[in-house]
Amino acid sequence: APGERYDNLGPLLDYAYVGFDHKPWKVEAGRKYFNIGRGIAYSGVHDGVQVNYQKPGWNLAAFVSQLPPHTENMDTSIPGYDKESRRSFAGAGVGFSGISGHQLYGYTVIERDHSREKPEDDFQDYSYDAQYFGVGSKGEWAQGWPYWVEVIRETGYSREDISNAKSNISAWAFDAEQKYVTAFPSRLTFSIEAAAGSGDNDRLHVVNTIDGNFSGRDHGFVYFGYLPTGIALGPYLSNLRMLRAGIEFDPFYRIKALRSFSVGLDVFGYWKD
């Protein structure tokens, strides 16, 4: 039919990378899964290079990466968002496990937006350049009491809708989880998790520039990772508070072939910030 267009994007490559592991150094390069911290601020299958240096009590990591070609833009208001998204990332992190039962860590991630409008929009800029600073801790308070907590601060610049002015980003998020693993042979485990991400009071859309921030500081938490909440519902952690309670156990622990089979139930509650 007249006006129809077909985009040939294949063949596509899921994973392809090489690694060099010579303690205390480890280097990986290619298309692989990158993540830092809890994986909320930044995680995904991207093209890049990662370097790790490990010594007793310390883990240092650094990476540079970019989105694979033909990745759709998360900002669906930019003309040609379904054609490509050109974003690059650089980050570094440090982990310290010198405290018995605990690992403290901190990281920073820099995101730069090189996406182009197709066709060009002469009246609106869609760039979103962000920096993330995260600190966290994971470990066990005592036997059977594992935990994880992370706090993220986001800064940078976004573009206002209509006025096209540059706005400072001032956003935050956190995620915390506490588990209790009982002494029962079935490994009966209870867990509770709380997470939240800041929102902007004049945004009509969480990630878009059009219907996004209209004026002043942009307080919407926009990130390039993932908060694992399951398949049924995975809302964006912006202008949102979440509480999850869960229970899990191994019903067939007496059967060797099924010993690792687990059954669990999670109940989620969500509230707008």
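In this predicted model, S158 sits in strand 8, which covers residues 146-159. S158 counts as buried because its relative accessible area is 2%, under the 20% cut-off for that class.

**Surroundings of S158**
- The side chain of S158 makes a polar contact with the side chain of D218, at 2.9 Å.
- Beyond its neighbours within four places in sequence, S158 is in contact with S127, Y128, A165, K166, S167, I169 and D218.

**Salt bridges**
- The whole structure holds 17 salt bridges, and R38, D175, E177, E193, R244 and D266 are linked in a network of them.
- R116 pairs with E84, with the closest N and O atoms 4.0 Å apart; this pair links distant parts of the chain, since R116 lies in the loop between strand 6 and strand 7 and E84 in the loop between strand 4 and strand 5, 32 residues apart.
- Within that pair, R116 is partly exposed at 43% relative accessibility, whereas E84 is buried at 15%.
- D273 and R241 form a salt bridge of 3.8 Å, N to O; D273 is in the segment after strand 12 and R241 is in strand 11, so the pair ties together parts 32 residues apart in sequence.
- E28 forms a salt bridge with K26, at 3.8 Å between the closest N and O atoms; E28 is buried at 16% relative accessibility, while K26 is partly exposed at 36%.

**Cavity**
- A search of the whole structure finds 1 cavity of 30 Å³ or more, and the volume of the largest cavity is about 90 Å³.
- Of the 14 residues lining the largest cavity, D75, Y126, Y128, V207 and T209 are the closest to its centre.
- The lining of the largest cavity comprises 5 nonpolar, 4 polar and 5 charged residues.

Methods: Residues are numbered from 1 along each chain as its sequence is written. This is a predicted model: local features need pLDDT of at least 70, side-chain atom pairs count only at pLDDT 80 or more; totals for chains, interfaces and linings use all residues. Side-chain values use heavy atoms; hydrogens and water are left out. On a 1 Å grid over the protein atoms alone, a cavity is a set of points where a 1.4 Å probe fits but cannot get out, and a pocket is an open set with protein on both sides within 12 Å along at least five of seven lines; lining residues have an atom within 4 Å of a point. Grid points are joined across faces, edges and corners, and a volume is the space filled by probe spheres set on the points. Ala, Val, Leu, Ile, Met, Phe, Trp, Tyr, Cys and Pro count as nonpolar, Asp, Glu, Lys and Arg as charged, and the others, Gly among them, as polar. Helices (H or I, at least four residues) and strands (E, at least two) are DSSP runs, numbered from the N terminus. Buried means under 20% relative accessible area, exposed over 50%, partly exposed in between (1.4 Å probe, protein chains only). A polar contact is a pair of N or O atoms within 3.5 Å; within protein, one must be able to donate a hydrogen and the other to accept it, and residues adjacent in sequence count only if both atoms are side-chain atoms. Contact means heavy atoms within 4.5 Å. A salt bridge is a side-chain nitrogen of Lys or Arg within 4 Å of a carboxyl oxygen of Asp or Glu.
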